[in-house]
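Please read the following report alongside the sequence and the 3D view.

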Amino acid sequence: PRARSLFDSGHDLLWRDDKPGAIRAFQRAIEMQPDFADAHLNLALALLLGSLLAALAAARELPAQRPSQ
């Protein structure tokens, strides 16, 4: 029950765009119940979303490239 509660919290945090909080909650759920497949899946999703958003933010900072003529 406690692992499920942590999972639910992680899910809510992820949808509220609190990826660090969601990651911590999913990790704690996995520590309590290592075979909790949904917690593993959602942890991977939170990590992936964080990486993708960081990459997009970094790409926006790059100078515009002009095609060579």
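The sections below describe the fold, the surface and the aromatic rings.

## Basis of the description

This is a predicted model, in which local features need pLDDT of at least 70 and side-chain atom pairs count only at pLDDT 80 or more, whereas totals for chains, interfaces and linings use all residues. Residues are numbered from 1 along each chain as its sequence is written, and side-chain values use heavy atoms, with hydrogens and water left out.

## Fold and overall dimensions

The protein contains 3 helices and 0 strands, and its elements follow the order α-α-α from the N terminus; helices (H or I, at least four residues) and strands (E, at least two) are DSSP runs, numbered from the N terminus.

The C-alpha trace spans about 65 × 20 × 15 Å along its principal axes. The radius of gyration of the protein is 17 Å, while a compact globule of 69 residues would have one near 11 Å; the radius is taken over C-alpha atoms, and the globule rule is 2.2 Å times the number of residues to the power 0.38. Of the contacts with a separation of 6 or more, 43% are between residues 24 or more positions apart, where contact means heavy atoms within 4.5 Å.

## Burial and surface

Buried residues account for 28% of the 69 residues (buried means under 20% relative accessible area, exposed over 50%, partly exposed in between, with a 1.4 Å probe and protein chains only). The protein exposes about 5300 Å², of which carbon and sulfur atoms supply 59%; accessible areas come from the Shrake-Rupley method with a 1.4 Å probe, and for residues only the protein chains shown count as cover.

## Aromatic cluster

F7 counts as buried because its relative accessibility is 7%, and F26 counts as buried because its value is 0%.

F7 also forms a tilted pair with F36, at 5.2 Å centre to centre and 40° between the planes. F7 lies in helix 1 and F36 in the loop between helix 2 and helix 3 (37–61), so this pair ties together parts that are 29 residues apart in sequence. Both F7 and F36 are buried, and ring pairs link F7, F26 and F36 into a cluster.

Key:
Phe/Tyr/Trp six-rings, centres within 6.5 Å; stacked < 30°, edge-to-face > 60°.
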